[in-house]
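Please look over the structure shown here before reading on. The briefing that follows takes up salt bridges and then a pair of helices.

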Amino acid sequence: MAAPLLEKLSESLGSPEPAVRLILSILIGYPFALVYRRFLFYQPATVIHWFHTLSGLALAAFNFGSQLYHSAVCILVQFLMLRLMGRTVTAVLSSFTFQMLYLLAGYYYTATEEYDIKWTMPHCVLTLKLIGLSFDYYDGGKEPSQLSSEQKSGALPSVPSLLEVLGFSYFYGGFLVGPQFTLRSYQKLVAGELTDCPGKPPNSVIPAMERFAVGFLCLVIYAIFSPSYPDSYYLTDEYEAQPFWYRCVFILLWGKVILYKYVSCWVIAEGVCILTGLGYNGVVDGKPQWDACANMKVWLFETTPLFGGTISSFNINTNAWAARHVFKRLKFLGNKTLSHVTTLLFLTIWHGLHSGYVLCFSMEFLIITVERQALTIVRDSPLLTNLANSWLYPLIYVVQQFLHWLFMGYPLVPFCLFTYDKWLKVYYSVYFCGHVFFITAYLIMPYLRKALVPKKERRDKKQE
């Protein structure tokens, strides 16, 4: 009965059935959260763990059928590693190796040349959760003085039970598309500690509905405009026949629209976490904060003219996970650039095996490097600082936004088209303009600095 209804719904919406199943599953998190608040908030932890486990398994079965066993296998293996290997480096390395190899094997055997919603999609989220779990358990065995504040907040004082790990892994607010959160946060949720009203369900209905409204608006924007900017248009003769400026503007508009697909899912899922209380982040100036599970800073995403601003506003929890568990733990390398490159390499592999991911993240590194150099020159040059703060700022902002979204869309082309024969065709059509622009900018930055920054400022920088 459900299958024909879903087919009709997907046909009327003009969306593939797996996509409809996914968005319905994210939305179902709201009634699940209401059931938790109304009937389970005061129940024993065991009851709550079972509810989270069974509801998450139901969503997995609804979307992926019998393939839900992949997640169950990895969760069970992770639990056994915690129990049998203890708080050891071996356990962390074994967890990292097993979970990543399982994910990559999944990519290898299921990948196509199109974006498919299959079991590997939530599994990449689960992979980070389980690897993070091994790090947090390891950190729990260290002296508090050896840990950073982030590590202290996630460190586990004792080994979790299998039911705890299952509830944490299958929690309906984060199983399908994230966000990332620690087992310690999940334990506080189950204990009823994540609330602005001690001993009562949190006053989070309105904040949750606000995030739902923003996420739904983004979903509507994507549904309206995405048919006008399909990925497939890049590969048509019509696109290739368009003038150069049109091809560039299409990349700009397509890049802006395509990201709403991710923004909508993340913000709606964040609302589920807020509704349960998992999004509670303490009180600031007497006002409860609900951003603990925020995966998007939507206002910053919409208004920033900087690439760094977009990256810091987008997929926040995954970036924070990578910073905490990869970048900062590579401190022993003694080189921030090398740590940054290694972190981006990890994220590249974690996303999948297509060449497009490699190109996307290498381009991101180049763009961010150039932008940081440019911002340093503007800051240290009195001429450019005065210009940036003058009446010309609105014009500068418009130009910045145009370049910003043009070159945000540019690395997204290989990210979304996956294979080299597709993205290479698009890059040929725009004469590799993004590569030419940023490689040229990188090469001339030292000369611009010499020309625009006073000698005293340059000497002070060298001394630093």
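K422 and E114 meet through their side chains in a salt bridge, at 3.5 Å from N to O, where a salt bridge is a side-chain nitrogen of Lys or Arg within 4 Å of a carboxyl oxygen of Asp or Glu. K422 lies in helix α20 and E114 in the loop between α5 (89-110) and α6 (120-139), so the pair ties together parts that are 308 residues apart in sequence. This is a predicted model, in which local features need pLDDT of at least 70 and side-chain atom pairs count only at pLDDT 80 or more, while totals for chains, interfaces and linings use all residues. Residues are numbered from 1 along each chain as its sequence is written, and side-chain values use heavy atoms, with hydrogens and water left out.

**Accessibility of the pair**
- K422 is buried, with a relative accessible area of 11%, whereas E114 counts as exposed at 51% (buried means under 20% relative accessible area, exposed over 50%, partly exposed in between, with a 1.4 Å probe and protein chains only).

**Other salt bridges**
- The structure holds 11 salt bridges, including one between K328 and E150, whose closest N and O atoms are 2.7 Å apart.
- R379 forms a salt bridge with D380, with the closest N and O atoms 3.1 Å apart, and salt bridges that share partners join R379, D380 and R449 into one network.

**Helices α17 and α20**
- S355, G356 and L359 in α17 meet Y420, W423 and Y427 in α20, contact meaning heavy atoms within 4.5 Å.

Definitions and conventions:
Helix = DSSP H or I, 4+ residues; strand = E, 2+ residues; numbered from the N terminus.
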